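These are my notes from going through one model. I looked up the helices, the contact between them, and a few single residues.

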Amino acid sequence: MNTETLIKIREWEAERDRNLRIHCPLVAAKFQRWIDKINKKENESINRMKGNVK
């Protein structure tokens, strides 16, 4: 993953954790979906580079 993506994920994880602490699970779930989406996109691009496309 590139540096910008890692920084974005860290920011979203911090925001997710903050929302969990203040009892906003729906907002925390939104940030988790964003994190999962970008991780999935990165994994797909890595697999494409390796030639492991399904």
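Entry 1, conventions. I take helices (H or I, at least four residues) and strands (E, at least two) as DSSP runs, numbered from the N terminus. The model is predicted, so I kept to its thresholds: local features need pLDDT of at least 70, side-chain atom pairs count only at pLDDT 80 or more, and totals for chains, interfaces and linings use all residues. Residues are numbered from 1 along each chain as its sequence is written, and side-chain values use heavy atoms, with hydrogens and water left out.

I found arginine 18 in helix H1, which covers residues 3-21. Helix H2 covers residues 25-50. I checked the length of H2: its 26 residues at 1.5 Å a residue should span 38 Å, and the end C-alpha atoms are 37 Å apart, which agrees. The expected span here is 1.5 Å times one less than the number of residues. After H2 comes glycine 51, with a positive phi near 90°.

How do the axes of H1 and H2 cross? They come within 8 Å and cross at roughly 155°. That makes H1 roughly antiparallel to H2. I used these classes: under 35 degrees is roughly parallel, over 145 roughly antiparallel, 65 to 115 roughly perpendicular, and the rest oblique. The axes are lines fitted to C-alpha atoms, for helices over the stretch in contact, with angles from 0 to 180 degrees between N-to-C directions. The crossing of H1 and H2 is left-handed, meaning that the near helix is turned anticlockwise from the far one by less than a right angle.

I then listed the contact, defined as heavy atoms within 4.5 Å. From H1 the contact takes in Thr5, Lys8, Ile9, Trp12, Glu13, Glu15, Arg16, Asn19 and Leu20. From H2 it takes in Val27, Ala28, Phe31, Gln32, Trp34, Ile35, Ile38, Asn39 and Glu42. Sorted by class, the contact of H1 with H2 has nine nonpolar, four polar and five charged residues. For the classes, Ala, Val, Leu, Ile, Met, Phe, Trp, Tyr, Cys and Pro count as nonpolar, Asp, Glu, Lys and Arg as charged, and the others, Gly among them, as polar.

I call a residue buried under 20% relative accessible area, exposed over 50%, and partly exposed in between (1.4 Å probe, protein chains only). Which residues of H2 are buried? They are Ala28, Phe31, Ile35, Ile38 and Glu42. H1 is part of what covers the buried residues of H2.

Alanine 28 lies in H2 and counts as buried because its relative accessibility is 3%. Leaving aside neighbours within four places in sequence, alanine 28 touches Arg16, Asn19 and Leu20. Its C-alpha atom is 9.1 Å from that of tryptophan 12, 16 residues apart along the chain.

Tryptophan 12 lies in H1. Is tryptophan 12 buried or exposed? At 19% relative accessibility, tryptophan 12 counts as buried. With neighbours within four places in sequence set aside, tryptophan 12 is in contact with Phe31, Trp34, Ile35 and Ile38. The C-alpha atoms of tryptophan 12 and lysine 30 are 9.5 Å apart, at a separation of 18 residues along the chain.

Threonine 5, also looked up, lies in H1 and is buried at 8% relative accessibility. Its contacts, neighbours within four places in sequence left aside, are Ile38 and Glu42.

Arginine 18 is partly exposed, at 36%. I noted 35 Å between the C-alpha atoms of arginine 18 and methionine 49, which are 31 residues apart along the chain. Histidine 23 sits in the loop between H1 and H2 and counts as exposed at 68% relative accessibility. Phi of histidine 23 is near 65°, a positive value in a residue other than glycine. Proline 25 lies in H2 and counts as exposed at 55% relative accessibility.
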